[in-house]
Amino acid sequence: MEIFRDKTWYGKEDVFEVVNEYPSGYVVWNIGRANFPHECYVPLAKPKGDPYHIDPDSLKAIKVKDEETALKILKYASCHGCDEKTFTLHESEFQITIKAKTVSGYYEGATFDFDVFLNFFPYDWRIDIDYYEEQITPENCIADDWYSNAGLSKIHARHICNKIGRIIEDLKDEAQDVFKKACDRKLVCGDIFSNGEAIYFDAAS
């Protein structure tokens, strides 16, 4: 069994077991290359309890195609390495951020998903508001006056939501291109049942 042993800055030692397949229940551990100095490898950890806690006694490492791919995966797994796009509308600023994440599948492999956030900064900085993807709606555009003009916000609400949706899809496509380089198989979702279970098929089939 191949393992990596890394000394931490606070004197402890992290032990990573090298695996050939993505293990069930694991996520990419966003500790960056400086804290995991193994080229072409990505650190994996099993979440434990709170969202930001992991089990330090069951760490894994998996090899990907090359170091460029590994660094990009680490970037997208990090809150500080999200894809972002900022644009201005009628003197108000909007910042769209996506955080790509991989989570192991129920039986094998890994699922790929995103967290999407919209930050709204009005031109007069009277308030700043954060939205999750499902909250980016014409109703919130009108209620929070994204145009800083009630009439324009109402008239253009659907237009601005469509524009934001296109930007989000472009950012997702960019992130997906990165992860495709590290995957041997690509699956597509065939159907999702009411209990949350899903059927996947090989994209090539």
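I began with Ser 58, which I found in the loop between β4 and β5; strands here are DSSP runs of E with at least two residues, helices are runs of H or I with at least four, and both are numbered from the N terminus. Before going on I noted that this is a predicted model, in which local features need pLDDT of at least 70 and side-chain atom pairs count only at pLDDT 80 or more, while totals for chains, interfaces and linings use all residues. I also noted that residues are numbered from 1 along each chain as its sequence is written, and that side-chain values use heavy atoms, with hydrogens and water left out.

Is Ser 58 buried or exposed? Ser 58 counts as buried because its relative accessibility is 16%, where buried means under 20% relative accessible area, exposed means over 50%, and partly exposed lies in between (1.4 Å probe, protein chains only). I then looked up Asp 55, which is in the loop between β4 (41-45) and β5 (59-63), and which counts as buried at 19% relative accessibility. The side chains of Ser 58 and Asp 55 are joined by a polar contact of 3.0 Å. By polar contact I mean a pair of N or O atoms within 3.5 Å, where within protein one must be able to donate a hydrogen and the other to accept it, and residues adjacent in sequence count only if both atoms are side-chain atoms.

For contacts, meaning heavy atoms within 4.5 Å, I left aside neighbours within four places in sequence and found Asp 55 in contact with Lys 46 and Lys 48. With residues up to four places away not counted, Ser 58 touches Tyr 26 and Lys 46.

**Strand β5**

Next I looked at Lys 63, which lies in strand β5 and is exposed, with a relative accessible area of 54%. Lys 63 and Val 42 are 21 residues apart in sequence, yet their C-alpha atoms are 6.4 Å apart in space. Not counting residues up to four places away in sequence, Lys 63 touches Val 19, Cys 40 and Tyr 41.

**The nonpolar cores**

I took a nonpolar core to be a set of buried Ala, Val, Leu, Ile, Met, Phe, Trp, Tyr and Cys residues joined through side-chain atoms within 4.5 Å. The largest one has 23 residues, of which Phe 87, Ile 96, Leu 118, Ile 136, Trp 146, Ile 160 and Ile 164 touch the most other members. At least two residues of this core come from each of β6 (83-89), β7 (92-104), β8 (110-121), β9 (129-132) and α3 (150-180), and α3 gives the most, with eight residues. Leaving aside its neighbours within four places in sequence, Ile 164 is in contact with Phe 87, Ile 96, Leu 118, Ile 136 and Trp 146. A second, separate core has 11 residues, including Tyr 26, Val 42, Ile 62 and Ile 73.

**The cysteines**

How many disulfides does the structure hold? I found zero disulfides, a disulfide being a pair of cysteine sulfur atoms within 2.5 Å. Cys 141 counts as buried at 0% relative accessibility, and Cys 161 counts as buried at 11%.

**The whole protein**

Last, I noted that the protein has three helices and 11 strands, and that buried residues make up 39% of its 205 residues.
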